[in-house]
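Hi,

Here is the model I promised to pass on.

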Amino acid sequence: MFSRLKQWFSGTENSKREGKGSAMATQNDDRLKNNKVGPVLRSGDMADAAVDAAEIDNPGKEISVEDMRAYLRISTDGELILKRETMEECLGRPFEMKELEVDLSSFAGQIDINTDRARFYLNTAL
Amino acid sequence: MTLLKREDWYDLTRATNWTPKYVSEDELFPEEMSGARGIPMEKWETYDEPYKVTYPEYVSTQREKDAGAYSVKAALERSRFLDNADPGWISTMQAHYGAIALAEYAASTAEARMCRFSKAPGNRNMATFGMLDEVRHGQAQLYFPHSYTRRNRQWDWAHKALHTNEWGAIAARHFFDDMMMTRDAIGVSIMLTFAFETGFTNMQFLGLAADAAEVGDHTFASLISSIQTDESRHAQQGGPALKILIENGKKKDAQQMVDVAFWRAWKLFSVLTGPIMDYYTPLEGRKLSFKEFMLEWIVAQFERQILDLGLDRPWYWDEFMRALDETHHGMHLGVWYWRPTVWWNPSAGVTPEERDWLEEKYPGWNDTWGQCWDVIIDNLKNGKPELTGPETLPVVCNMSNIPIVGTPGNGWNVKDYQLEHEGRLYHFGSEPDRWCFQVDPERYKGHLNFIDRFLAGHVQPPDLMGGLKYMGLAPGEMGDDAHNYEWMSKYAKAAS
Ligand SMILES: [Fe+2]
Ligand SMILES: [Fe+2]
C-alpha cells in the first residue's frame, strides 16, 4: 500500500479548463452586482434593536433582514445609518455606540463609526 | 465633568510619529519589515482607520465579549450536547480547531509586526488591539476543545495539528506563513487583514456559526461569532493601507497581493470549510450550502467591497466562479478516501437523502462525483472495504499543498498545471496556483510538499505506516469514517 506514485490525472497545460459549471458560473457572478450595505449582528437584543433602529434612522429606505439564527444580516442599498439615540430607545437602556462591537460580527460595505452613529456605505453604485 | 467625544481628541493622540535623532528613519523602520514601498512617511501619516477604538473602550468591550462566550460555555456544559452530537459535527469542530487555533497565536505575531513596523501611526494603534485579539482567539480556541480531550485523542489535535507534518497542517502552515509570518507590515495589512480577514474568515466564523446554531451547538456558535466581532474590527486595517498604495501609484502591487491572498485562501477553504459545510454537518443543520455561503460572504459582500475600494476583480475571476461548483467536492472525496491521514473522522455525507440535497445544490453531482461514490458504495456493499482506502498517493499542488482535483465522471476535466523552474518540475492544481508561484518564485521554490518529501526519502519506511508516522498520526488519532459506515445500511436496504 501507498508505495507507488500513480499519475491519476490527464490533460495538457495551457488549455483553459472547462467544466459543466461554466453556465452556472455566470449565475454565480450575478451575486456581485449589488449595492447592499449594513451590519451583520450576532442574534440577540442588540440585533433586534438594530432592526428597529435601522427602520427609524433610514426613513424611506427598504430595510431587509435575513435571519440566519446565529446572526442577522440587516441591509439596504447604498447607505445605512444607526444612531446611538435610536438604539437607546429601541433597547430601552443607555447605549454607547462602541457597544455595537460586542455583536458586530461583520458588515457589508464600508464602515464609519463615531460617538453618535454608525454608518455603513459604498462609494460607488453598481 | 464632561468627557470629550472620542473623535474630538483621537486624531491628536494617535499621531505618534516623531523625527528620530539617534537613528535614521531606515534603521527605525527597515524596509523589509515596514514595507513602505518608497511612499514617504507623511503619506503614511494620512492613514485613517475607519473603525476606531480607544484602549479603555477596547478593555471594556473585550471583557463583555469574553463574559458572554465563557458564560454560554459554562451554562451549556451540563446539557451534554457533545454526548448526543452527530459524529459529523464532532469532526467539523476537530478539523476547525486543529487548523485554526494555533494559527490565531501566529496571527498575533503578524499583528505585532504592524504594531511595531508600520509607518502609519493609525495602523500601529489598531494593530496593538489586533495583537491582543489574536491572543484571545488562540486561548479560547484551545481552552474550549481542551475540555473535550478526555473523550479521545483527536481533540488533542486542536493544539497538536500545526506542530506536525500532517499534510493538511503543512498546507495550512504554508498558507499562513505566506500571508502573515513572512510579509512586511503593509503586506500583512493587505494580505492578512484585508484579503483574508475581511473576506474568508466570515465563512469559517459566521457561516459555520449559522450551521452550529442549526445543529444546536450554541457554545460553538457563540464562541466563533464572538471571535468574528474582533476580526471585523481589526480587519479594517487593510482598507486605509490600500487607499494609500493606490493614491501613490502602487495599485498593481496592491492588486497582486490581494489576488494571491484571495486565491490561496479560497484553496485552503475548499479543503477545510467545503467538506464540513456540505458533507460533515448533519443534513438538517445545513443552513446554506458551502457555495451559497461563498456567494453571500465572498462574492456579494467581500468582492463588492474590493471594487468599492478601487481595486479590480482578480484576473482569474471566471475560473473562481466556475470552481465554486467543483473544487470542494473533489477535496472531500480525497479527504474521505485518504481518511487515515487526517486527525478527524471524515463523514461521507452521501446517503440517498444527502445525495438528493447535493444534486439540488449542485446540479449534475450524481453524474460526476456521484459516480466515484457509487464505486465506493459498491465496494463496501460487496465486503471489499480495502478498496475504499489509499493505495497510492495523490498528486499534490506545489502552491496550495493539497491534492490536484477536478471534476470526475461524465464531466472529466482533471488537469496538472506544470512549471519547470531552475531544473525542478512543479505541479499546480490550477492556473492561478501556478501564477502565484510565477509572480514570486524565490519565495516558494524551496518548499517541499508531502509528496516531494516522500519522493525525497524523508518518509521511512516509504509506505502508509511510514507516512502516518511522519505525519504524527498514531492509532486513535488517524481518521476513519465518522459514522463507522452505518450510513451504508441505507444502501443495503435499497438493494435487498
Ligand atoms: Fe483571529
Ligand atoms: Fe484576525
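**What I found in chain B**

Let's start with the surface: chain B exposes about 17900 Å², and carbon and sulfur atoms supply 55% of that. Keep in mind throughout that this is a predicted model.

On overall form, chain B contains 24 helices and three strands. Its C-alpha atoms fill a box of roughly 80 × 60 × 40 Å along the principal axes. For 496 residues, a compact globule would have a radius of gyration near 23 Å, and chain B agrees with that at 23 Å. Of those 496 residues, 63% are buried. If you look at contacts in chain B with a separation of 6 or more, 79% of them are between residues 24 or more positions apart.

As for charge, there are 50 positive and 70 negative side chains in chain B, with the centres of the two sets 3 Å apart.

B:E134 sits in helix 8 (residues 121-146) and B:E197 in helix 11 (residues 185-215), so the pair ties together parts of chain B that are 63 residues apart in sequence. B:E134 is buried, at a relative accessible area of 0%, and B:E197 counts as buried too, at 4%.

There are also a few backbone details to check if you plan to work with the coordinates:

- The peptide bond joining B:Q460 and B:P461 is cis, with omega at about -15°. B:P461 is in the loop between helix 22 (450-455) and helix 23 (464-470).
- B:R37 is not a glycine, yet its phi is positive, near 55°. You'll find B:R37 in the loop between helix 3 (31-34) and helix 4 (41-44). Buried means under 20% relative accessible area, so B:R37 counts as buried at 18%.
- B:E422, another residue that is not a glycine, has a positive phi of about 45°. The loop that carries B:E422 runs between strand 2 (417-421) and strand 3 (424-428). B:E422 is exposed, with a relative accessible area of 58%.

Cheers

Note on methods:
Residues are numbered from 1 along each chain as its sequence is written. Chains are lettered from A and ligands numbered from 1 in the order in which they are written. Side-chain values use heavy atoms; hydrogens and water are left out. Helices (H or I, at least four residues) and strands (E, at least two) are DSSP runs, numbered from the N terminus. Buried means under 20% relative accessible area, exposed over 50%, partly exposed in between (1.4 Å probe, protein chains only). The radius of gyration is taken over C-alpha atoms; the globule rule is 2.2 Å times the number of residues to the power 0.38. Contact means heavy atoms within 4.5 Å. Accessible areas come from the Shrake-Rupley method with a 1.4 Å probe; for residues, only the protein chains shown count as cover. Lys and Arg count as positive and Asp and Glu as negative; His and the chain ends are not counted. The place of a charge is taken as NZ of Lys, CZ of Arg, CG of Asp or CD of Glu.
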